[in-house]
Amino acid sequence: MRILFLVAAGIAFSSVCFAQTDQPAPRIDQNSLTAHVQLLDKARAGGIDIYFEGDSITRRWDATDYPDLLTNWKKNFFGWNAADFGWGADKIENILWRLYNGELDGVHPKVIVLLAGANNVGNTISAGSDEAKVADITRGIRAIVNIMRAKAPNAVIIVMGIFPRNDNIAVMSTINKINENLSKMAGEKIRYLNINDKLADKEGTLFDGMMNTDKLHPTIKGYQVWADALKPVFHELLGPPAKEDHAPSPTGDPSARNR
């Protein structure tokens, strides 16, 4: 395992400076490499019908280090064999790297839920026009969808609109443009789902209680809004949840154990 870490870190060191949003780029920190190994084990465990992918917004929902959110996850998705493969602070290119390096291999989910791009948007405004940023992030999310379709051709992919963020509400213009592009991806076996009108008003200002004090990560109330939007789709595609669940056990942030 130590050799795997060193090799992956070497790949990252040689490529990180040249990473583009639609090109796979690994994370080089030890915690992310450890988490990648955990997620590989989760993928190999099997029993997964719904595969969630994304960054920390996705990860926290089914994580042992966020027990209240984990309880909400189980309440909403038990019986549908759902597993979470999000990883905190990942950008699109990092998610791509994980998918290219085994985290979806042999899983064969029936449904994939993808929420990505918040960390590429960030909380700063580009000088001048943001069209290049919008195009780059759109291209990256399309690359994720393409590798998902290649590795799980029978899955229905639900592409989520990027959630509102109010740590700098000025970025909402960028998010709205990206989401408009993502909406055009809907087609055969690709659904587009935007819940932002349930999380924020027309100007993008978050409704009370939807996000934590960082104005980025959902509270239980915010996650429940997401669950309420997903469950009718899951019912349509998979039928009602079963009385048993066969998804692998949730994982958590490896560093949380050290703390």
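Reader: At what relative accessibility does Asn179 stand, and does this residue count as buried or exposed?

Author: The structure is a predicted model, in which local features need pLDDT of at least 70 and side-chain atom pairs count only at pLDDT 80 or more, while totals for chains, interfaces and linings use all residues. Residues are numbered from 1 along each chain as its sequence is written, and side-chain values use heavy atoms, with hydrogens and water left out.

Asn179 counts as buried because its relative accessibility is 3%; buried means under 20% relative accessible area, exposed over 50% and partly exposed in between, with a 1.4 Å probe and protein chains only. The residue belongs to helix α8 (residues 172-183). Helices (H or I, at least four residues) and strands (E, at least two) are DSSP runs, numbered from the N terminus. When neighbours within four places in sequence are left aside, Asn179 is in contact with Gly161, Ile162, Tyr192, Asn194 and Asn196, contact being heavy atoms within 4.5 Å.

Strands β4 (residues 156-160) and β5 run parallel and are joined by four bridges; two strands pair if DSSP finds at least two bridges between them. On the other pairing of β4, four bridges likewise connect it in parallel to β3 (residues 111-115), with Val111 partnered by Val156. In β4, five of five residues are buried. Val156, Ile158 and Met160 point one way, whereas Ile157 and Val159 point the other way. In a regular strand the side chains alternate between the two faces of the sheet.

The whole sheet is open and has five strands in the order β2-β1-β3-β4-β5, with parallel pairing. Strands β2 (82-84) and β5 (190-193) stand at the edges with a single partner strand each, so one side of each has no neighbour in the sheet. On average, neighbouring strands are turned by 20° against each other, direction ignored. Axes are lines fitted to C-alpha atoms, for helices over the stretch in contact, and angles run from 0 to 180 degrees between N-to-C directions.

The axes of helix α5 (residues 92-100) and α7 come within 9 Å and cross at roughly 15°. The two are therefore roughly parallel, as angles under 35 degrees count as roughly parallel, over 145 as roughly antiparallel, 65 to 115 as roughly perpendicular and the rest as oblique. Residues of α5 that meet α7 include Ile92, Ile95 and Leu99. Eight of the nine residues of α5 are buried, so this helix is largely enclosed by the rest of the structure. After α5 comes Gly102, with a positive phi near 105°.
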